[in-house]
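Open your viewer and get ready to click along. We'll go stop by stop, and each stop tells you what to select and what you'll find there.

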Amino acid sequence: MRPKDEEIFERDGFKCGYCDYDGNSFKRWAFLQVDHFIPKSKGGTDDPSNLVTACNVCNHMKLDKVFTSIAEARQEIQTWWSKMEKYWNDNVSHRTRQF
């Protein structure tokens, strides 16, 4: 039986296992999800050892990709975050200053 999401969040300190997003307040907690580290579509299970707290952005970026370790996933996802930040800085941030 799969544990409740809150049990996984508590075990993981209410932080995203991939980017360290801190969901330790109500408004931030709402952006936490439980990710199947090995996706169910690739044979992953609901065992707590396969579940990790993830913010909704990291969980969406990871999708059904398979990594050999949390460390490898963190490294790759941090690369994606860096690319998004560069895109933001180059293409979007100047637009927000108008408002």
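Which side chain meets that of Lys42 in a salt bridge? Select Lys42 and Asp64: their side chains form that salt bridge, at 4.0 Å from N to O. (A salt bridge here is a side-chain nitrogen of Lys or Arg within 4 Å of a carboxyl oxygen of Asp or Glu.) The two partners come from distant parts of the chain, 22 residues apart, with Lys42 in the loop between β1 and β2 and Asp64 in the loop between α3 (56–62) and α4. Helix and strand names come from DSSP runs numbered from the N terminus, with helices being H or I runs of at least four residues and strands being E runs of at least two.

Before moving on, a word on what you're looking at: this is a predicted model, where local features need pLDDT of at least 70 and side-chain atom pairs count only at pLDDT 80 or more, while totals for chains, interfaces and linings use all residues. Residues are numbered from 1 along each chain as its sequence is written, and side-chain values use heavy atoms, with hydrogens and water left out.

**Stop 1: still at the first pair**

Colour Lys42 and Asp64 by how open they are. Lys42 is partly exposed at 48% relative accessible area, and Asp64 is partly exposed too, at 38%. (Buried means under 20% relative accessible area, exposed over 50%, and partly exposed in between, using a 1.4 Å probe and protein chains only.)

Now pick Gly44, which sits in the loop between β1 (32–36) and β2 (51–55). Is Gly44 buried or exposed? Gly44 is buried, at 13%. Beyond its neighbours within four places in sequence, Gly44 is in contact with Ile38, Pro39 and Asn50.

**Stop 2: more charged pairs**

Side chains of opposite charge can pair when their charged atoms come close. How many salt bridges does the structure hold? There are seven.

Select Arg74 and Asp20 for another one, with the closest N and O atoms 2.9 Å apart. This pair also links distant parts of the chain: Arg74 is in helix α4 (residues 70–96), Asp20 is in the loop between α1 (5–11) and α2 (26–29), and they are 54 residues apart. Arg74 is partly exposed at 27%, as is Asp20 at 39%.

Then try Arg11 and Asp12, whose side chains meet in a salt bridge at 2.8 Å, N to O. Arg11 is partly exposed at 43%, and Asp12 is partly exposed at 23%.

**Stop 3: the rings**

Time for aromatics. Rings of Phe, Tyr and Trp (its six-membered ring) pair if their centres lie within 6.5 Å; planes under 30 degrees apart are stacked, over 60 edge-to-face, and the rest tilted. By this rule there are three aromatic pairs. One of them is Phe9 with Phe14, a tilted pair at 6.3 Å centre to centre and 55 degrees between the planes. Phe9 is buried at 3%, whereas Phe14 is partly exposed at 23%.

Next, show Phe67 and Trp80, a tilted pair at 6.4 Å with 55 degrees between the planes. Phe67 lies in the loop between α3 and α4 and Trp80 in helix α4, so the pair ties together parts 13 residues apart in sequence. Both are buried: Phe67 at 10% and Trp80 at 16%.

**Stop 4: along α4**

Trp80 leads you onto α4, so select the whole helix. Where does α4 bend? Look at Asn89, where the bend is about 50 degrees. (That's the angle between axes fitted to the seven residues ending there and the seven starting there.) The buried residues of α4 are Ala73, Ile77, Trp80 and Ser93, and what covers them includes α3.

**Stop 5: the cores**

Finish inside. The largest nonpolar core has 12 residues, among them Cys16, Phe67, Ala73, Ile77 and Trp80. (A nonpolar core is a set of buried Ala, Val, Leu, Ile, Met, Phe, Trp, Tyr and Cys residues joined through side-chain atoms within 4.5 Å.) β2, α3 and α4 each give two or more residues to this core. A second, separate core of five residues includes Phe9, Leu32, Val34 and Leu51.

Notes
Contact = heavy atoms within 4.5 Å.
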